[in-house]
Amino acid sequence: MIIRDLLTCKELVLVQKDFDDAVISGGYTSDLLSDVMAHAAADNVLITIQAHINTVAVAKLVGIRVLLIANDREILEDMVQAAQKEKIAIFRSKLNQFDLSVLVGRLLAEG
Amino acid sequence: MIIDKNIPIKMEESTSLILDLIYRLKIKDVMSRNLVVALPEDPLDHIKALMKQRNVTGIPIVKKDRLLGILSIDDIFKALDNGYIQELAEKHMSKKLVMLEEDMPLAFAISYFDKFKYGRFPVVDKNNLLVGMITSRDINVGLLMAINKEVARMEELLAQNTPVDAQNIRKTFRIRKYDFEHAGNASNRIKKLLVDRKLDPRDIRRVAVAMYEMEINIAVHSEGGSLTVAIDNDQAEIIAKDAAPGIEHPELALQEGYSTANEWIKSLGFGAGMGLANIRRVSDEFEFQSALGKGTVVRSVVRFKRKKENEDDH
């Protein structure tokens, strides 16, 4: 699956639109940035409630191209700007992290 | 009243940056436009009250934006001493006006403060209408802001000009307390350098993770510190140092999950007690020293795997 495939999900709202598309082959769900750094992979979707600029810094470090912010958390403007600079996509969703993970898992299974 | 308001910038001794700035900046860039003015028919005690209220020591006397004179706090002292504080401004204001024009370079204002010993100068536009006042404080503030901008630009240039193919790189980054906004900058800068060297992505990530964790540790737990990175063909050595406060139980700090971070830091996704453990995990060599009151030093070495055959390897 590619990042664009997420655009078809009505549960996801695209917040940072200026991104480079990439192939996604897995996901990582965590709110601990050290944990993300230690274990997430570059081709993962990151599912988190950490809607701030350091999440972008960690994503950049790991090579993650797309962030899904759960629970409709407010996304600050500096986070959007930082992500735009790195061409990282940000989606927001009303779903919680479990439901978002299930959703991404289903999309991945569809291919 | 003679006030020493000289600005000790001697043109012949100044650096080219300062000279460039004082000629590039115009008076209108630094003057204050927030004018406190009075009319010629205002009594002196009204002006005295105005000075007190607005915290200024000189007030231009204007009529229809045209400058007629200036009343300084010195004139008010004289009026109080000699008992004519009820009289009108026009009778006692100073009419010997030395004015500056808004489009003049800042250098003119600096030399005026040198030449005329006034505390402030009125600034007029091309039509001779009053548009602002300039004090030596305005000049200091304006120059400081411009210098700050220039230095930031130079630092940026310096960072860009660091030759990426130089074999040995040594850089030091300052990390400030609670500055999460810039945490990760050092790590990302070095990551970029290593990507340019076409190192194994796994090694690059190990260096980046070690550095980012160190940056966050210093920002979260210390009063500020620094990261020093030394890179050669074979390895990256990263040393994080902070001066205070140090860790009370260094032996516990290495345990995954042990954390002394407060709640708001945890709510940002930091302080999970994984930082040092993460650094140790990615390092080929790892040292950690800390004592309460003495600060903390963390040293990590990441050795690079040999480059691929087609790389220029000596």
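**Figure 1. The loop that holds N71(A).** N71(A) sits in the loop that runs between β4 (66-69) and α3 (77-86) of chain A. Helices (H or I, at least four residues) and strands (E, at least two) are DSSP runs, numbered from the N terminus. The model is predicted: local features need pLDDT of at least 70, side-chain atom pairs count only at pLDDT 80 or more, and totals for chains, interfaces and linings use all residues. Residues are numbered from 1 along each chain as its sequence is written, while chains are lettered from A and ligands numbered from 1 in the order in which they are written. Although N71(A) is not a glycine, its phi is positive, at about 60°. Most residues other than glycine have a negative phi. N71(A) counts as partly exposed because it has 15 C-beta neighbours inside 10 Å. A residue is buried if 20 or more other C-beta atoms lie within 10 Å of its own, exposed if 12 or fewer, and partly exposed in between, with C-beta atoms placed from the backbone.

**Figure 2. The loop that holds Y178(B).** Y178(B) lies in the loop between β6 (169-175) and α8 of chain B. Its phi is positive, about 60°, and Y178(B) is not a glycine. Is Y178(B) buried or exposed? It counts as exposed, because 11 C-beta neighbours lie inside 10 Å.

**Figure 3. V36(B) and its contacts.** V36(B) is found in the loop between α2 (27-30) and α3 (44-54) of chain B. With 16 other C-beta atoms within 10 Å, V36(B) is partly exposed. Leaving aside residues up to four places away in sequence, V36(B) touches L50(B), R54(B), V56(B) and I59(B). Two residues are in contact if their C-beta atoms, placed from the backbone, lie within 7 Å. From C-alpha to C-alpha, V36(B) and I61(B) are 9.3 Å apart in space, and they are 25 residues apart in sequence.

**Figure 4. The side of chain B that touches chain A.** Here 19 residues of chain B are in contact with 14 residues of chain A. The elements of chain B that give two or more residues to this side are α8 (185-196), α9 (201-221) and α12 (275-282). Of the elements, α9(B) gives the most, with four residues. By type, the residues on this side of chain B are nine nonpolar, six polar and four charged. Ala, Val, Leu, Ile, Met, Phe, Trp, Tyr, Cys and Pro count as nonpolar, Asp, Glu, Lys and Arg as charged, and the others, Gly among them, as polar.
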